[in-house]
Amino acid sequence: MASREHSEGITMSGGGLYSLATIGAKHVIDAATPMVIDAINSLSQESISSGFTFSDMGTADAGTSLSMVAAAIDAVSTRVPHAPISIVYSDQPRNDFNALIANVYGLGPFESYLDRRDDIFPLVSGTTFYKQIVPAATLDIGFSATAMHWLSAKVCNISNHVQAVGAEGKELEAFRAQAHRDWRQILLHRARELKPGGKLVLINFARDEQGRYLGNTGGINMFDQFNQIWQSFLEQERISRAEYENMTLPQYYNTVEEFSAPLQDPDEAVYIAGLRLDHIDTRIVKCPFAESFTEHADATRFAEEYIPTIRSWNESIFFNALSADRPLDQRRQIIEDYYASYRDIVRENPEGHGMDYVHAYTVISKIA
Ligand SMILES: C[S@@+](CC[C@H](N)C(=O)[O-])C[C@H]1O[C@@H](n2cnc3c(N)ncnc32)[C@H](O)[C@@H]1O
C-alpha cells in the first residue's frame with residue numbers, strides 16, 4: 001500500500017507516489033535529454049572507456065529520470081559498446097529509497113533499463129548534494145532536475161508568506177545570501193567530482209527574465225494561494241502564528257544571472273576550480289493537469305488530479321511546521337483540511353490555477 005512520509009525535513013511522497021503524481025517533472029527531464037546526449041558525445045573516448053559514471057542528484061524515486069537514463073545508456077553504448085556504466089542515484093537519507101529500488105529494478109509501474117545490456121551498475125547514495133557524493137575525478141556526467149532550489153538550511157522564517165518569492169527586506173536578503181552560498185557549495189563539490197572534460201546538466205527551478213517562476217506564469221500565483229489558505233487557518237485559529245511562520249519553505253529560485261555568476265567571474269572559487277558555463281536558457285513546461293483541463297473541462301477531475309502534485313513536494317514541510325505538542329491525529333487532520341480547502345477552491349473556480357514549471361536548463365563543463 002502507498003505510504004506517505006512524515007519525517008523531519010524535506011521528503012517527497014513515498015511508496016512510488018512521487019513519480020506517479022509528477023508527470024510534469026518527467027516532461028521537464030525529457031526536455032533535457034538532448035542536452036545529456038550532447039554532453040555524452042562531447043566526452044573523450046578514453047574517459048568513457050575507463051568506466052562511465054553518471055549521477056542523478058536529488059533523484060526522489062528515480063521514476064521521472066528512467067527514460068532519460070535509458071537514452072544516456074544508449075548514447076554511451078554507441079560511443080563505446082562495452083564500457084562499464086555506473087548510475088549513481090543520490091538523495092537525502094530520508095528519501096524513499098525502497099521506491100527508487102523498485103523503479104530502477106522494474107518492480108514498480110515503469111519499465112527498467114537494466115536489461116538493455118550487461119555492465120550497467122546502479123548505485124544508491126544518501127549523501128546530500130551539499131557534500132561530495134562520488135570520489136574525486138570519477139564523474140563523467142552529473143545531472144540534477146528540480147532539486148537544487150532546496151536550500152541547505154532555512155535561514156529564517158518568513159513572517160508574511162510561505163516562500164521567498166513573497167519575502168521582503170531583510171528576510172528576502174537572508175534567503176538570497178543563503179542561496180548564493182549554497183549554489184557555490186554545490187558547484188565546488190561537483191568540480192571535485194568531475195573528470196577533466198566532464199559535464200553537468202542541471203535543470204533547476206528559476207525566476208526567468210520576465211519574473212515568472214513555478215506556478216506563477218500568468219494565472220493565479222500558486223505560492224500566494226498556499227499562503228492565503230494558511231493565513232485563513234491562522235485567522236480561524238486552527239493554527240498558531242508560530243506554526244504559520246514555520247510553514248516557510250527553505251527554497252530559493254535563482255535568476256539566470258545568479259546561476260551564471262560563479263561560472264563566469266574569474267575571481268570566483270568555482271571558476272578557479274575549473275567549471276565553465278557552456279549554456280543556460282530558461283524554459284516553461286506547462287502544467288499537464290491544467291493543460292488537460294482545457295480539453296476535458298471537468299473541474300472536479302482537475303482539482304482531484306492537480307492537488308496531489310502539489311502535495312507530493314510540500315506536505316512534509318507543512319506537516320513538520322505543525323507543533324509536535326498537537327496529537328498526531330490532529331496534525332494529520334489539519335493537513336487533510338488544508339489540501340481539501342485547496343481542492344475545493346480549484347474545483348469551485350478552476351480558471352487560472354496550474355503549476356507551470358519554470359526552469360533554467362544549464363550545461364557546465366570542467367576544463368580538460
Ligand atoms: C521535486 S523532487 C525532484 C525529483 C527528480 N529529480 C525529478 O526531477 O523528478 C526534489 C528532490 O530533491 C531532493 N533533495 C532536496 N534537497 C536535497 C539535498 N540537499 N540533497 C539531495 N537531494 C535533495 C528531495 O529529497 C527530492 O527527492
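Modeller: The chain averages a pLDDT of 94, and 94% of the residues score at least 70; pLDDT is the predictor's confidence in each residue, from 0 to 100. This is a predicted model, where local features need pLDDT of at least 70, side-chain atom pairs count only at pLDDT 80 or more, and totals for chains, interfaces and linings use all residues. Residues are numbered from 1 along each chain as its sequence is written.

Biologist: Where does pLDDT stay under 50?
Modeller: That happens over residues 1-8, for which the model has 17 contacts beyond four places in sequence. A contact means that two C-beta atoms, placed from the backbone, lie within 7 Å. Where pLDDT is low, the predicted coordinates should not be read in detail.

Biologist: Okay, now the ligand. Which residues come nearest?
Modeller: A25, G58, T64, A145 and A147, out of the 22 residues around the ligand. A residue counts as near if its C-beta atom, placed from the backbone, lies within 6 Å of the molecule.

Biologist: And how does that shell divide into nonpolar, polar and charged?
Modeller: There are 12 nonpolar, 9 polar and 1 charged. Ala, Val, Leu, Ile, Met, Phe, Trp, Tyr, Cys and Pro count as nonpolar, Asp, Glu, Lys and Arg as charged, and the others, Gly among them, as polar.

Biologist: Switching topic: which residues of α7 are buried?
Modeller: M222, F223, F226, N227 and W230. Buried means 20 or more other C-beta atoms within 10 Å of the residue's own, exposed means 12 or fewer, and partly exposed is in between, with C-beta atoms placed from the backbone.

Biologist: Why are they on the same side of α7?
Modeller: Because they cover an arc of only 140 degrees around the axis, taking the directions from the helix axis to the C-beta atoms. These buried residues pack against α8 (241-246). Helices here are DSSP runs (H or I, at least four residues), as are strands (E, at least two), numbered from the N terminus.

Biologist: What comes just after α7?
Modeller: E237, with a positive phi of about 60 degrees. E237 lies in the loop between α7 and α8, and with 8 C-beta neighbours inside 10 Å it counts as exposed.

Biologist: What about D119, where does it lie?
Modeller: In the loop between α5 (97-104) and β3 (120-125). Phi of D119 is near 65 degrees, a positive value in a residue other than glycine. D119 counts as partly exposed, because it has 13 C-beta neighbours inside 10 Å.
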